[in-house]
Amino acid sequence: MALAEVARTFGLTEPGMRGLLLRRGVVLRRKVHTLRHDAFDTLEPEACYWLGFLFADGCVTYRSNYLPQISVGLAARDRDHLVSLRLFLGSSSSISAPNLIRQSCQFSVRSRQLAERLITLGRYQGPVNARLTESRDFWRGVVDGDGSFGVYRRSNPSKSTFAQFRLVGSQRLLRAFVDFLGVHGIHGLSVRPHKTIHTVGTTCKPAGRIVALLYDGASVALPRKAEIARRILAERVL
């Protein structure tokens, strides 16, 4: 049986089952996975998007005697988006299925080149690469990972709907986002502390303009949020 099949049989994630078998001394068959280690070497639009998504939801982990691991987890309803990421990376690694304990899907790859590229571009510290901060595709990826927006009706039924936008993250990343918005004529937003992180948000026309800037005509986006963006654009909540 394949490791993923064994994990499903016992209701565990694939990484969890792998660790259990290794601790019990089981010799696993080695499988060589395909992977585009140079996927982020050129900052074209789709690469910028997935970098933004990994900046928000991804994690780079270093362990002795192992290649660095890039991992990301999403709710089961968004599993298809992990499939799209796997396709972009040219990876044959599996996506773990949700179980009774964890209602999320996990995807990871091991690559020193990809990990070092993420770190160099500013994933954890230092300035974020200028090419990324100028890219609406990068910021759409960040918002798909750590942002939220929607259309809401005012308390007065006779009033029209309004848009609301919010993004959470590190202070340095959000400040770069506010600068990006300023370049595109969207002003007045400020970065505020929120528990252990920071947040930036707005409502009404500025929120609609942000959504239009990031999602109008986008070639890749989280389907669930792309649908909300289409509604905002259709209803002209700008």
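Start with the open sheet of four strands: its order is 4-5-7-6, and the pairing is antiparallel. Two strands pair if DSSP finds at least two bridges between them. Helices (H or I, at least four residues) and strands (E, at least two) are DSSP runs, numbered from the N terminus. Now select strand 4 (147–153) and strand 6 (192–194), the edge strands, each of which pairs on one side only. On average, neighbouring strands of this sheet are turned by 30° against each other, direction ignored. Axes are lines fitted to C-alpha atoms, for helices over the stretch in contact, and angles run from 0 to 180 degrees between N-to-C directions.

This is a predicted model: local features need pLDDT of at least 70, side-chain atom pairs count only at pLDDT 80 or more, and totals for chains, interfaces and linings use all residues. Residues are numbered from 1 along each chain as its sequence is written, and side-chain values use heavy atoms, with hydrogens and water left out.

Next, select residues 161–169 and 197–203. These are strand 5 and strand 7, paired in the antiparallel sense over six bridges. Pick Arg-166: Gly-201 in strand 7 stands opposite. Helix 10 lies across strand 4 and strand 5, at about 40° to strand 4. Contact here means heavy atoms within 4.5 Å.

Select strand 2 (residues 69–75): seven antiparallel bridges join strand 2 to strand 3. Leu-74 has Cys-105 in strand 3 as its bridge partner.

Now zoom in on Asp-144, in helix 7 (residues 136–146). Asp-144 is buried yet has no salt bridge. Buried means under 20% relative accessible area (1.4 Å probe, protein chains only). A salt bridge is a side-chain nitrogen of Lys or Arg within 4 Å of a carboxyl oxygen of Asp or Glu. Lys-225, the nearest side chain of opposite charge, is 5.0 Å away. Show the residues Asp-144 touches, among them Tyr-49, Phe-53, His-81 and Tyr-215.

Last stop: helix 8 (residues 171–183). Its buried residues include Leu-173, Ala-176, Phe-177 and Phe-180. Their cover includes helix 3 (45–57), helix 7, strand 5 and helix 9 (204–215). Finish at Gly-185, which follows helix 8 and has a positive phi, near 80°.

Note on methods. Buried < 20%, exposed > 50% of the residue type's maximum accessible area, 1.4 Å probe, protein only. Lys, Arg positive; Asp, Glu negative; His and termini not counted. Lists of a residue's contacts leave out its neighbours within four places in sequence.
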